[in-house]
Amino acid sequence: IMQWFGGAVLAMLCLGVSAQTNSTQSKLKVAFCTGALPYSDVDSTGSPQGFDIEIWGNVYAALLARVSTYQSLPVNITGLTNDVLQLVGSSAPKLIPMTVNDIHQALIAGTIDVGMCGLLVSNERQIYYDFTSPFHYMSGLQIYVRNGAGESDASYVLSKLLSSVSPLAQVIAVMILLCVMIFGHLIAFAENLHLASKQDFRDNYLEGTQDGMWFSVVTMSTVGFGDLVPRTSVGRFLAIVWIFVSIILMAIFYAIVAAEFSNLVLVPERPIYSVNGPNDLTPYKVVTARAFAQDRLLQRQPNMTLTKFPQHAQAETIRAVLNDTFDAVVDQQEILRYYNLVTPEFQGTIRSVGAIFNQVGVAFGMPRTNATTPHPLHHLISLSVSDVTRRDPDWQQAAKIAEKWFGVVSTADTSDPDAMTLESEAVTNIKNMFAGITGGLFGLWMLISAVLTFFRYPTFKSRARVVAALQAVAKI
């Protein structure tokens, strides 16, 4: 009896293990489309790869976690019947490769449970089948053009050079001119006040300040002709102060100008870079490999020169733009970003212009049981997608997957535009203040020089030479 009982128990355990093993095999039919990177494709070994593939792995794990939690609740609340549990299983289903058209047809016919192909959630498609909750990001259309510059000429280069000097450099330049005038006056006054160096700095205001400013400029530029030399202690002290002040000012000025010129591009941007959206594309030849893009563009601009390439032929459209067959390509922004940032062949060869338009969600497709009844796992899988793409910390993993396949987007400029405006206004005000002081001093110098020239002109040697010349002419 004991042998019979032990054998029966062993048989029951074997049957239980066998039943459990059968129940772990998922019966979900999950299909992905080939040739649709960055969303899905097969690699050189025939294994599935792409954003959708990796996201689905996380979604299925989240689905198992939800099913495990829901099993403690009544079936009439969760809907987890034995058929549904067997459909879910406990190990990921084998993925079925299909073409994009086959996936659409299979979703309409209900021969697959989940379709993955970077499917855009559109009203037209929702007539025939359902979508899960969209992923954590929004897709949309964007315009990309060839990276490159336009043709340059001498006038453009000259205007670019003149306009490249920043307001800060202009402030330093005005400060340098102001200091040249101030120290030129001070040194000339110091020399002429002590009457110790009339042979170097002339003793009238007009010519003396000219000598002083000439000395300041020669000293500042480190040329040092030596034709003018301060002789007094005060003049030499002022010259020493000016040497150190001018070194600091010129060092700052050189550094700013050198930094600006190092980043200066002396070639103009191509006219198409000024495109802000689809409404500006009418003068250009546009190509796309997306029927969705073709429909939306023609709705906006019926007269647009638009060429449609086969679906998922983004590489061919980019090559056509690079060889100037077309001016711009319009497609889903994340797909073009993948080619521009991730694919070695096209990395850095194209650039986006304008903002993203016609934004739309991306999700997995799921069939309906009938015209009005959703798939029995539609709600659970939608919740699992939300768990993966929106709930902490799972969404961070999903974001890393997106960065892997769509490329890392450049960090947005987080600087405060109001603060930048205030800083620019402050620099401009300082520049205007120094320019006003410099202009006022220059005008005052010219006025004083004119007055002194008028009253002291008879004593100038130049007048004596003119008088002597006129007398000589009179004698002839």
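Reader: Which residue lies over the face of Tyr273, and at what distance from the ring centre?
Author: This is a predicted model. A charge counts as over a ring if CZ of Arg is within 6 Å of the ring centre and within 35 degrees of the ring normal. The residue over the face of Tyr273 is Arg351, at 3.9 Å.

Reader: How are the rings of Phe135 and Phe364 arranged: stacked, tilted or edge-to-face?
Author: The structure holds 14 aromatic pairs. In the pair of Phe135 and Phe364, the ring centres are 5.1 Å apart. Planes over 60 degrees apart count as edge-to-face. Here the planes stand at 80°, so the pair is edge-to-face.

Reader: How many residues apart are Phe135 and Phe364?
Author: Phe135 sits in the loop between β6 (130-131) and β7 (138-146). Phe364 belongs to strand β11. The pair links distant parts of the chain, 229 residues apart.

Reader: Are Phe135 and Phe364 buried or exposed?
Author: The cut-off for buried is under 20% relative accessible area. Phe135 has 2%. Phe364 has 0%. Therefore Phe135 counts as buried, and Phe364 also counts as buried.

Reader: Which residues do ring pairs link into a cluster with Phe135 and Phe364?
Author: Rings pair if their centres lie within 6.5 Å. Such pairs join Phe135 and Phe364 to Tyr39, Phe51, Trp56, Tyr60 and Phe406.

Reader: Is the peptide bond from Leu37 to Pro38 cis or trans?
Author: Pro38 lies in the loop between β1 (30-33) and β2 (41-42). Omega of the bond from Leu37 to Pro38 is near 15°. That bond is cis.

Reader: Is His312 buried or exposed?
Author: His312 is found in the loop between β9 (305-308) and α12 (314-322). Its phi is positive, about 65°, although His312 is not a glycine. The relative accessible area of His312 is 16%. With the cut-off at under 20%, His312 is buried.

Reader: How does Asn358 count: buried, partly exposed or exposed?
Author: Asn358 is in strand β11 (residues 350-366). Phi of Asn358 is near 50°, a positive value in a residue other than glycine. At 24% relative accessibility, Asn358 counts as partly exposed.

Reader: How many residues of helix α13 are buried?
Author: Helix α13 spans residues 333-341 and is mostly covered. Among its buried residues are Glu334, Arg337 and Tyr338.

Terms used. Residues numbered from 1 in each chain as written. Predicted model: local features only at pLDDT ≥ 70, side-chain atom pairs only at ≥ 80, totals over all residues. Heavy atoms only, no water. Helix = DSSP H or I, 4+ residues; strand = E, 2+ residues; numbered from the N terminus. Buried < 20%, exposed > 50% of the residue type's maximum accessible area, 1.4 Å probe, protein only. Phe/Tyr/Trp six-rings, centres within 6.5 Å; stacked < 30°, edge-to-face > 60°.
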